[in-house]
Amino acid sequence: MSRGHYLDEMRRKFLAGIGVPKPAPFVPDEFQKEAISSVANSVDTLVVAPTGSGKTFIATEAIKAFMLLGLRAVYTTPLKALSNTKYNELKKMFEPQYKVGLLTGDRKIDTEAQVVVATTEIYRNELYKSSERSSLVVLDEVHFIADSQRGPVWEESIILTPSSSTLLMLSASISNAKEIAEWIEEVRGKPCRIITKQDRSVELRFGFLHPDLGVLPLTDDRGRILKEVLHYYGSSDLDSTGMRLRGGKFSRPRKGKRGWRKKRR
Ligand SMILES: Nc1ncnc2c1ncn2[C@@H]1O[C@H](COP(=O)(O)OP(=O)(O)OP(=O)(O)O)[C@@H](O)[C@H]1O
Ligand SMILES: [Mg+2]
């Protein structure tokens, strides 16, 4: 088989099954039901579930539950672009029955609405400025709390949100959920429930977008990095894992010379 055909075959396998799934009745997962019921009972809840597993559904159901009781909600995201997207999604879902607002550094729309989508930074600033209180506060992508630059924004949001409000915190990538929940309980003086989902609803595949060859899987069937990828990086010195690229091959930097590993004494 020519290399071109081989790559076509690899690409076909890599992309197999990707697309819009067949329509099927929507059935909430167990972790979603648990999380919604926890938040609806006004318990601070930290949900850790892999990407694409449906954490937004938990937030929107919780928002509905709070709005039915005449209470307000704020949905925070770490990025203006994500806030704009969520704003459009929530608007479609809730208007005209309920008003949806937006509050970012760039845009201010209906900030008195029952649901306001905001960037976390702006939400935190509002907490410092006003006594305006929300009843449900969704902190999406809460793993930003570990970010060395921006992390304090999430810490302050958690600390400053009045304990009469309920926090719903969502993340795909928190490894120390117990430690974080314990800290939240300590600063907010009330229980914080952790809900986790381990298995992935959406399989992870690693690919490479080659400028000339298009989409390729990163590795072949035997787990070796494709030589087209290696050639592409042939002129670069190191890959992201610290492996040195030499003559188109991955290899560990030579021991000893520059002391990449200290000699044992
Ligand atoms: N129980 C379910 N069954 C089938 N599909 C679902 C279910 N819950 C949510 N979905 C769908 O899964 C998709 C991904 O959901 P969502 O964007 O909420 O993921 P997420 O957990 O927030 O991921 P991320 O960590 O990347 O933000 C959406 O299209 C959503 O409609
Ligand atoms: Mg999400």
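## The sheet

Two strands are said to pair if DSSP finds at least two bridges between them. Helices (H or I, at least four residues) and strands (E, at least two) are DSSP runs, numbered from the N terminus. The structure is a predicted model, in which local features need pLDDT of at least 70, side-chain atom pairs count only at pLDDT 80 or more, and totals for chains, interfaces and linings use all residues. Residues are numbered from 1 along each chain as its sequence is written, while chains are lettered from A and ligands numbered from 1 in the order in which they are written.

Eight strands make up an open sheet with mixed pairing, in the order 4-3-5-2-6-7-1-8. Strand 4 (108-109) and strand 8 stand at the edges with a single partner strand each, so one side of each has no neighbour in the sheet. Within the sheet, strand 2 (residues 73-77) and strand 5 (residues 115-119) pair in the parallel sense over five bridges, and Y75 stands opposite V117 in strand 5.

## Helix 2 and its buried face

A residue counts as buried if 20 or more other C-beta atoms lie within 10 Å of its own, as exposed if 12 or fewer do, and as partly exposed in between; C-beta atoms are placed from the backbone. Which residues of helix 2 are buried? In helix 2 (residues 30-40) they are Q32, A35, I36, S38 and V39. Seen down the axis of helix 2, these buried residues fall within an arc of 160° (taken from the directions from the helix axis to the C-beta atoms), so they line one face of the helix.

The buried residues of helix 2 pack against strand 1 (44-48), helix 3 (55-68), strand 7 (166-171) and strand 8 (192-196); contact here requires C-beta atoms, placed from the backbone, within 7 Å.

## A hairpin

Strand 9 (residues 207-210) and strand 10 (residues 214-217) pair in the antiparallel sense over four bridges. They form a hairpin with three residues between them, and H210 stands opposite G214 in strand 10.

## Backbone details

Most residues other than glycine have a negative phi, and most peptide bonds are trans. S42, in the loop between helix 2 and strand 1, has a positive phi of about 65° although it is not a glycine. D110, in the loop between strand 4 and strand 5, has a positive phi near 45°. A cis peptide bond joins E95 and P96, with omega about 5°.

Definitions and conventions: Contact = placed C-beta atoms within 7 Å.
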